[in-house]
Amino acid sequence: MFGVYTFFGKENKADWMKVFEDLITRGLKEILIVISDDFPGIIDAVKLAYPLADLELAFVHLQ
């Protein structure tokens with residue numbers, strides 16, 4: 001397991017970057033796909049931390 005995170009602030013780009021920077025530091029250098037809810041700031045953070053990753057919105061949110 002790479003990490004379990006509880007948000008200490010707001011869900012925004014800066015807080016998501018802290019999570020992704022921690023994952024990178026712990027060895028997660030590349031990911032292929034991110035499937036998430038439409039959390040504020042996550043799309044921009046993923047594009048910065050993992051620019052080659054595909055982004056998908058969770059199926060339940062597409063309905």
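The exercises below, each with a worked solution, concern the predicted model of a single chain.

**Exercise 1.** Determine how many helices and strands the chain has, and in what order the elements run from the N terminus on.

*Solution.* Counting the elements gives 3 helices and 2 strands in the chain. Reading from the N terminus on, one then finds that these elements follow the order α-β-α-β-α.

**Exercise 2.** Work out what share of the residues of the chain counts as buried, and what share of the exposed area carbon and sulfur atoms supply.

*Solution.* The chain has 63 residues, of which 27% count as buried.

**Exercise 3.** Identify the buried residues of helix 2 (residues 42–49), and explain why they lie on the same side of the helix.

*Solution.* The buried residues of helix 2 are Ile42, Ala45, Val46 and Ala49. Because they cover an arc of only 100 degrees around the axis, they are placed on the same side of helix 2. These buried residues pack against helix 1 (13–25), strand 1 (33–36) and strand 2 (54–57), whereas the face turned away from the buried side carries the exposed residues Lys47 and Leu48.

**Exercise 4.** Locate Val4 in the chain, and decide whether Val4 counts as buried or exposed.

*Solution.* Val4 belongs to the segment before helix 1. Since exposed means over 50% relative accessible area, Val4 counts as exposed at 67% relative accessibility.

Methods:
Residues numbered from 1 in each chain as written. Predicted model: local features only at pLDDT ≥ 70, side-chain atom pairs only at ≥ 80, totals over all residues. Heavy atoms only, no water. Helix = DSSP H or I, 4+ residues; strand = E, 2+ residues; numbered from the N terminus. Buried < 20%, exposed > 50% of the residue type's maximum accessible area, 1.4 Å probe, protein only. Areas by Shrake-Rupley, 256 points an atom, 1.4 Å probe, with all protein chains shown as cover. Arc of directions from axis to C-beta. Contact = heavy atoms within 4.5 Å.
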